[in-house]
Amino acid sequence: MPIVWRDAMAVGAADLDADHKRLLALLNASEKAVGEQALEVGARLFELVADYAQTHFQREEVFMLSSGFSGYERHKRLHRAMTEEARQLWRGYLSAGEDKARLPHLVSLRDMLNRWLTEHVLGEDMQLKALTGKRARAAAPSGAPPVAPKEVLSRQVEVQKTADVVYDLPPEFAHLLQPFSCKVPELPPPESDFTRFEDLCQAAIRHRIERVLVFFQRGNPEVRRALPPPFLASAEFAGKFHAAVAQLILPAILSSRQIKMMSTNIDCTGLDTDSFWEVLPPILKDHILACWRAAWDDLRLLPGKKADGTRIWQVKEETRALRALLEPSDPAAYDLPRIANREIDLFTSLLDTVTDWWGQLNRCWDIVEDIYEQEKDPRIFQDKARVGALRDNLLAAFETFPEQWGDFLVLACHRMFPRISSLFLERFTHNVGHNEAERELHLPYTVRYLRQVRAHPDIRAEEEREEEAWQAEMEQLRLYLKGRSAAS
Ligand SMILES: [Fe+2]
Ligand SMILES: [Fe+2]
């Protein structure tokens, strides 16, 4: 059923709303094309989407700049990522060759436009609503002639350059104004050329889990941490986890009679480990997920009692095998707790056959990175975030993802950002409980990490030295800038 425009979708700027209506029309057209398998309109749709991205995003960015929107930089980055996403889909569509192989790409286009509407227009763009009212009020009495978008853009860029950061520091200070940057691991490309459903399904499950694990593997070579990374953050763990899944979980999924029956209608030709999820009927997705959860449930420890009445947890043979499979080759490779039910819950959360978390995790991280720079390292940006903004943002992010991932988001900040010390972690955990036992319920791995920090007092001492050095450098920079502005 086509989606109909409603007033609540409007941001209040006529040209932007007209563009958003155009997006809705494109979404409806792609839905129709998918439903009717009308591949002859595919190429035209991709062209129109590229045109939409180019013209609308620029128009919206001009609007944001001319309205003084504080989230401009971040929003622009989202637009860049969306443009790139559309470009890649188009490339995939063109290289797919024959009509039948192009259908999954058309499905991806429809899903992408759906996300653009529901997450971006109805989520991100809605922040502009507050500006349109303000702007209308401010513009009403002046009657100034409208300015062409390109003109506004160049003027604003000019204004920004003069109002923003000092670029011509002498060489001894130049390193102090290096913007934060670091490399993050890249996703492996999707695999293709499968002929059997079982092989494709197995690889697609692995690939989807990989999209979460790779996200958590981000680290910063310039940030040295004395303790080993938590297990979810290590590439070695990822390899061992995939092997454990292949041995202990996948056989239960692939031998399910219902999956075998339902999968006979799926033609694997032309599908890859990404497009697999796009063509899979919802009932089959649900069934794979149910089997995945049941297989992990089978590994749970069971409550029992000894002859003397003492309560114990009974560990099954398979769970012992899982523990052995995940053991790091070297204790310094990653920190692995004893696998128990809490870990089984975490492993279960790593696969979602309906939601592909990769995009959402990265969008969340873009914001976290921005706020880190603004609050904790405000050397480049004039827009300073208030104290506590990073903490609040992380707490809000916990609501978006499976609850077991909160720990790893916080620990990823610690591994990426120089000024997110163990003291920050310590204070952060105080938001989720009054005492250590309560905090451990919500952030078990962070609390575990902090216990290890406490056992090595030199870690805290080193962090304090680094913080002092940072403050001293900032003081040098402040004095230099002060002296310079006094001289000018
Ligand atoms: Fe928009
Ligand atoms: Fe936008």
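How do the axes of helix α16 (residues 358-376) and helix α17 (residues 389-398) cross? They come within 9 Å and cross at roughly 165°. Axes here are lines fitted to C-alpha atoms over the stretch in contact, with angles from 0 to 180 degrees between N-to-C directions. So α16 is roughly antiparallel to α17 (over 145 degrees).

This is a predicted model: local features need pLDDT of at least 70, side-chain atom pairs count only at pLDDT 80 or more, and totals for chains, interfaces and linings use all residues. Residues are numbered from 1 along each chain as its sequence is written, while chains are lettered from A and ligands numbered from 1 in the order written.

Next, select the contact residues (C-beta atoms, placed from the backbone, within 7 Å). On α16, take Cys364, Ile367, Val368, Ile371, Tyr372, Glu375 and Lys376. On α17, take Ala389, Leu390, Asn393, Leu394 and Ala397. By class, this contact has nine nonpolar, one polar and two charged residues.

Now zoom out. The protein has 22 helices and two strands, which are DSSP runs (H or I, at least four residues; E, at least two). Of its 488 residues, 24% are buried (20 or more other C-beta atoms within 10 Å of their own).

Select Phe408 and Ala412. They have the most contacts inside the largest nonpolar core, which has 56 residues. Such a core joins buried Ala, Val, Leu, Ile, Met, Phe, Trp, Tyr and Cys residues through C-beta atoms within 7 Å. Helix α8 (residues 197-216) gives the largest share, eight residues.

Last stop: a second, separate core of 18 residues, including Val34, Phe46, Ala86 and Leu106.

Methods:
Angles under 35 degrees count as roughly parallel, over 145 as roughly antiparallel, 65 to 115 as roughly perpendicular and the rest as oblique. Two residues are in contact if their C-beta atoms, placed from the backbone, lie within 7 Å. Ala, Val, Leu, Ile, Met, Phe, Trp, Tyr, Cys and Pro count as nonpolar, Asp, Glu, Lys and Arg as charged, and the others, Gly among them, as polar. A residue is buried if 20 or more other C-beta atoms lie within 10 Å of its own, exposed if 12 or fewer, and partly exposed in between; C-beta atoms are placed from the backbone.
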